[in-house]
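Here is a guided look at one protein chain, written to be read alongside the viewer. Please keep the sequence and the model open as you go.

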Amino acid sequence: MFPKEFLWGGAIAANQAEGAYLEGGKGLSIADVLPVGAQRIGKVSLALEKDTHYPSHDAIDFYHRFEEDIDLLAELGIKCFRTSIAWSRIFPKGDELIPNEAGLLFYDRLFNKLKEKGIEPVVTLSHFETPLHLVTEYGGWLNRKLIDCFDRYTKVVFDRYKNQVKYWLTFNEINHAHTIPFLAAAIDVTAITNEREKLQSIYQASHNMLVASAKAVLNGKAVNPANQIGCMLSLSPIYPATCNPADVFESYQLRRRSLFYSDVQLRGEYPKYFDRIIKENQLALVIEPADLAILSRGTCDYLGFSFYRSSLHEAGMKILGNTGGLLGKKNPYLEETEWGWPIDPLALRYVCNELTDRYQKPLFIVENGVGVRDEFNEQRQIIDKERMRYLNDHVAAMAEAIKDGSDILGYTWWGPIDIVSAGTGEMEKRYGFIHVDKLNDGSGSLSRTKKASFNYYRQIIQTNGLNR
Ligand code: BGP
């Protein structure tokens, strides 16, 4: 059922796990200035405030503990491990000409450790962690200067890790430029009240990122044509709230527009429907003549995506641009997590079928998981039934999608070891099969403990998805 070489794995991001935020010459990234707390991602802070807790500063200390963590993950049996390179470890300010050797060495050691354990690295070039200096000095991805900085960075890392890494992803959840512009596109649009102007900034930043992504693909292929370089989107299906044609059509239209990024990254050109988005919003995008040729040459090999839930849309609901990450209305047919995310495994099958029909390219489910509040029982065990059920049901949905005809390269569970949540900055929204003793306020021994789901996932991997 699952192909023999199916890449069962786990995924994290540097800023949510490594900590050591100023060690080894690392510079500040945008993730480092976001404090803990719900709704933090809607805010923007460009400076560190005294007496505030910043979870990414020490996170789960993966920077110092990666060897023991990878030993545990090897015991889990994963075939691949997705993480990001923190751009600010390699270029602390982002615009230097010479990379930081200490940062490069860290990832040498990390990728070597993975290889030693027979685990294939899957590397995200930019996961919500743009060097902060590029925002304060240039205004983030709104500025084309970042295309050059990213070009330099990607050339360095493709070259340095050419013998260790084959699977790459360019920008994490690039379509979140609409929903969380600061994290996803390193732009501050909080002061812009006019919707048209906001969209202008988001689409200009997006254009620059799309060009940077295409250039990265070209850089990666130049170093090694066998490199497999994917794009990465957050892809929750958007259901119509009723069979009212207005709901159905608007949901469809939104969905189509939320696939704008993969349309460009996989097909190499702006989709025809984008003309209308430009006209309706009177966008005046700066697109240089060479850009379109770069987009057309630098197409991605596969579509990586995160999947957590579905969303429900009613005609006329307020949205900006697309709904890549918005929850929409409450769906009465679905249970929700404590954080209000509907649990909808069938939607994973739906989305795989939809994407296969649209692109006929390989898919890679590079994030799927459920954030749960875990508790130890009297025997000091965590029996995380909710997580096991979620895993079981989503693996089953993926198996059906493969039978339906999708070519799926792999599946990396989000946060196989507990890490800091991107959305809240908290530790208590846990995804891991391995518990990390660390609390929201930063306290805790950092010790690692296997949860019941650890053996559960191990069996799924050992039997190549059969034993569910
Ligand atoms: C995605 C991000 C991850 C991540 C995950 C879960 O949007 O790519 O970085 O953390 O969602 O979200 P959260 O951590 O907010 O629960």
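## The annotated active site

In an unreviewed entry, UniProt lists Glu 367 under "active site". UniProt positions follow the numbering used here, feature names are shortened, and annotations may be inferred rather than shown by experiment. Before going further, please note that this is a predicted model, in which local features need pLDDT of at least 70, side-chain atom pairs count only at pLDDT 80 or more, and totals for chains, interfaces and linings use all residues. Residues are numbered from 1 along each chain as its sequence is written.

Glu 367 sits in strand β9, residues 363-368. Helices (H or I, at least four residues) and strands (E, at least two) are DSSP runs, numbered from the N terminus. Is Glu 367 buried or exposed? Glu 367 is buried because 26 other C-beta atoms lie within 10 Å; the label "buried" needs 20 or more such atoms within 10 Å, "exposed" means 12 or fewer, and "partly exposed" is in between, with C-beta atoms placed from the backbone. Not counting residues up to four places away in sequence, Glu 367 touches Ala 11, Ser 306, Phe 307, Thr 412 and Trp 414. Two residues are in contact if their C-beta atoms, placed from the backbone, lie within 7 Å.

## Around the ligand

Which residues are closest to the ligand? They are Ala 13, Gly 371, Ser 421, Ala 422 and Gly 423, out of 13 residues that surround the ligand. A residue is near a molecule or strand if its C-beta atom, placed from the backbone, lies within 6 Å of it.

The shell around the ligand divides into three nonpolar, seven polar and three charged residues. Here Ala, Val, Leu, Ile, Met, Phe, Trp, Tyr, Cys and Pro count as nonpolar, Asp, Glu, Lys and Arg as charged, and the others, Gly among them, as polar.

## Helix α14 and its cover

Helix α14 runs over residues 385-404, 20 residues in total, and reaches 28 Å from its first C-alpha to its last, close to the 28 Å expected at 1.5 Å a residue. The expected span is 1.5 Å times one less than the number of residues. Gly 405 follows α14 and has a positive phi, near 120°.

The buried residues of α14 are Arg 387, Met 388, Tyr 390, Leu 391, His 394, Val 395, Ala 397, Met 398 and Ala 401. An α-helix has 3.6 residues a turn, so residues three or four places apart point the same way. Among the elements covering the buried residues of α14 are α13 (345-359), β9, β10 (408-414) and α15 (452-462); β9 is also the strand that holds Glu 367.

## The nonpolar core

The largest nonpolar core has 130 residues, of which Ile 85, Ile 174, Ala 185, Leu 363 and Ile 365 touch the most other members. Helix α8 (residues 195-223) contributes the largest share of this core, 11 residues. Such a core is a set of buried Ala, Val, Leu, Ile, Met, Phe, Trp, Tyr and Cys residues joined through C-beta atoms within 7 Å. In soluble globular proteins, nonpolar side chains tend to be buried together.

Leaving aside neighbours within four places in sequence, Ala 185 is in contact with Gly 140, Trp 141, Ala 177, Ile 202, Ala 205, Ser 206 and Met 209.

## Other helices to visit

Helix α10 (residues 260-267) is mostly covered, with six of its eight residues buried: Phe 260, Tyr 261, Ser 262, Val 264, Gln 265 and Leu 266. Gly 268 comes after α10, and its phi is positive, near 80°. In helix α9 (residues 245-258) you will find Arg 255, which counts as buried because it has 21 C-beta neighbours inside 10 Å.

Lys 113 belongs to helix α4, residues 101-116, and is partly exposed, with 18 other C-beta atoms within 10 Å. Lys 113 touches Phe 66, Glu 67 and Ile 70, not counting residues up to four places away in sequence. Lys 113 and Phe 66 are 47 residues apart in sequence, yet 8.6 Å apart in space, C-alpha to C-alpha.

## Loops with positive phi

The loop between α1 (14-17) and α2 (62-76) holds Ala 59, and Asp 61 is found in the loop between α1 and α2 too. Ala 59 has a positive phi near 40° although it is not a glycine, and Asp 61, also a residue other than glycine, has a positive phi near 60°. Ala 59 counts as buried, with 27 C-beta neighbours inside 10 Å, whereas Asp 61 is partly exposed, with 16 other C-beta atoms within 10 Å.
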